[in-house]
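Here is a short tour to read with the model open on your screen.

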Amino acid sequence: NLAGLLFVRSIKRRRELAVRTALGARPFEIARQLALESTAIVLAGFVGGVLFAFWLTPEAGRLAVEQFGAVANREVAVSWRVIVSVAVVAAACAGVCGLLPGLVAARHHRVEMLRQGITTAARERRWRRVVVVAEVALACVLLVSLALVGRSLRDVLEVNPGFDARGVLTLSVSVPSVSYPDDEQVAAFYAALHNALEARLGPGAIAVVNERPLTGNQGRRLVRLQPTDAGREAVVREAGTSYFDVMRIPVVAGRAFDARDDSSAWRRVVVSESLAEAVFAGEHPIGRLIRLGGSNAPTAEIIGVVGDVRHRALDEAILPTAYLSAWQSPSRSNVLVVRSPRPAADILTTVREEVARLDRAVPVYRVQSMPDLVAASPGVPERRVLAATFTAFALLAVVLCGIGLFGVVAHDVAARRTELALRVALGADPMRILVGTLGQGAQMVGAGLAVGAVFSVWAARALGSLVSAPGSFDLLNVAIAAAVLLLVGVGAVLPSARRAARTDPLLALRLE
């Protein structure tokens with residue numbers, strides 16, 4: 001792009017360079033001046049880019065920590081090796097962009113240039129147009145990829161996790177085994193805490209579960225109908241009363257846990273729809289007995305069927321689930337799930353007060369809102385970072401594409417200034433000149449879109465496996481990318497086209 005813009009600038013200077021050469025200027029002096037001018041431009045861009053990198057890098061590190069947590073919690077800094085490498089490339093760019101216009105001008109005989117004025121070789125025009133077509137194609141590929149990643153992120157976030165995350169706050173509580181050596185004491189603590197918080201936060205506002213959704217699929221066990229049954233694997237959770245109400249997980253059949261399902265009652269279990277279908281194949285499961293584990297595991301009575309919940313990721317298959325009563329099979333480490341319109345700070349204060357009233361040695365930690373958990377679930381942070389990355393590169397590619405189009409068309413208009421002046425003097429319609437100049441840009445954009453559409457098919461396939469969306473190439477994405485690039489092309493070409501249509505024959509034909 002810099003070379004193309006300097007070419008535009010050098011068109012008016014070719015006669016100047018020819019005059020200076022004719023008056024005795026040595027080629028080394030001319031080359032040094034051109035190199036210094038281009039170096040000043042490149043140096044300004046290089047310094048600006050490095051300063052922008054130092055500003056952007058901490059933001060990139062913060063984004064990584066927000067999306068990936070402790071995995072990315074390390075220092076993110078600008079690499080000096082990269083700066084040195086870019087400096088070498090920038091120096092080479094300054095040399096090429098500064099000397100190339102002078103070399104092109106030196107190829108033309110100075111007497112011929114003084115006599116005929118500005119001329120441009122067809123090879124030069126073709127080379128610059130090929131570069132612009134490549135830039136348009138690259139911008140098209142990046143825009144299509146951005147649309148694919150953005151759609152993948154949107155589709156994942158629109159997946160129904162099986163519960164309503166809005167307005168839900170989660171807090172972790174863990175009782176020490178020294179103070180609570182048996183299950184009855186653990187169950188009594190959590191039951192007392194549940195009742196105390198329900199009295200302060202309202203009925204049905206608090207529930208206990210041993211693990212948050214979308215955080216893992218631990219606790220798998222075999223679900224058997226009888227000891228000889230091979231069994232089917234299912235995720236096992238311990239949930240307290242009101243859990244399905246607080247999380248708004250629908251109860252499809254039977255009932256949820258209540259106060260009757262304590263340690264004195266028969267062992268009871270609630271199963272998900274997928275588990276009921278896999279084990280009973282359409283038969284009514286309520287009242288049936290199953291075993292969770294090996295052949296020696298105790299039997300449990302199915303009292304209800306609830307909707308399926310995604311335990312690990314939104315884009316992964318649903319896993320069959322069995323829920324045990326937290327009062328019958330308590331876990332020392334549990335999660336308090338609270339649905340309340342109160343601010344999170346008030347809920348945290350209330351929970352800590354009630355936990356401290358029961359046992360000051362029990363910690364309350366890992367306070368997270370359920371919407372944040374959904375946003376940080378596996379697969380979502382990667383898609384967010386990909387979307388941000390492709391957005392940045394797509395915007396950069398579009399800007400470079402616009403600059404390249406402007407440079408090439410402006411160069412052609414400057415090179416054809418004498419021709420345009422003659423045509424205007426002979427009565428040519430300015431609108432026709434305007435449309436013809438816009439057509440030059442349209443040809444380059446069209447060629448770039450054609451090439452970009454072909455490469456977009458390959459990019460969609462390669463990127464589809466990364467975002468788990470195979471076969472997601474969509475002509476609509478190409479159409480949107482084409483519309484964006486056409487608008488950018490019109491904005492880049494229109495100033496030169498208007499200047500061409502307004503060419504003053506007297507000024508253009510006058511010797512400079």
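Which residues does Asp261 touch, not counting residues up to four places away in sequence? Its contacts are Arg255, Ala256, Arg268, Ile303, Ser325, Trp327 and Gln328. Please keep in mind that this is a predicted model.

## The chain as a whole

Let's step back for a moment. The chain has 512 residues, and 45% of them are buried. Its secondary structure comes to 16 helices and eleven strands.

Among contacts between residues at least 6 apart in sequence, 81% join residues at least 24 apart. The chain exposes about 25,900 Å², and carbon and sulfur atoms supply 62% of that area.

You will find Asp261 in the loop between strand E5 (251–254) and strand E6 (268–272). Is Asp261 buried or exposed? Its relative accessible area is 0%, so Asp261 counts as buried.

The side chain of Asp261 has a polar partner: it makes a polar contact with the side chain of Arg268, at 2.7 Å. Arg268 is also one of the residues that Asp261 touches, as are Ile303 and Trp327.

Now move to Glu238, which is found in strand E4 (residues 232–239). Its relative accessibility is 9%, and because the cut-off for buried is under 20%, Glu238 counts as buried. Its side chain makes a polar contact with the side chain of Asn210, at 2.7 Å.

Leaving aside neighbours within four places in sequence, Glu238 is in contact with Val208, Val209, Asn210, Arg221, Leu324, Ala326, Ser329 and Ser331. One of these, Leu324, is also the bridge partner of Glu238 in E9.

E7 in turn pairs with strand E8 (residues 299–306) in the antiparallel sense, over three bridges. Leu289 has Glu301 as its bridge partner in E8. These two strands, E7 and E8, form a hairpin with six residues between them. Gly293 lies in the turn and has a positive phi of about 130°.

## A cluster of rings

How many aromatic pairs does a search of the whole structure find? The search finds eight.

Tyr243 is buried, with a relative accessible area of 3%, and Phe244 counts as buried at 3% relative accessibility. Ring pairs link Tyr243 and Phe244 with Phe257 and Tyr323 into a cluster.

Definitions and conventions
Residues are numbered from 1 along each chain as its sequence is written. This is a predicted model: local features need pLDDT of at least 70, side-chain atom pairs count only at pLDDT 80 or more; totals for chains, interfaces and linings use all residues. Side-chain values use heavy atoms; hydrogens and water are left out. Helices (H or I, at least four residues) and strands (E, at least two) are DSSP runs, numbered from the N terminus. Buried means under 20% relative accessible area, exposed over 50%, partly exposed in between (1.4 Å probe, protein chains only). A polar contact is a pair of N or O atoms within 3.5 Å; within protein, one must be able to donate a hydrogen and the other to accept it, and residues adjacent in sequence count only if both atoms are side-chain atoms. Contact means heavy atoms within 4.5 Å. Two strands pair if DSSP finds at least two bridges between them. Rings of Phe, Tyr and Trp (its six-membered ring) pair if their centres lie within 6.5 Å; planes under 30 degrees apart count as stacked, over 60 as edge-to-face and the rest as tilted. Accessible areas come from the Shrake-Rupley method with a 1.4 Å probe; for residues, only the protein chains shown count as cover.
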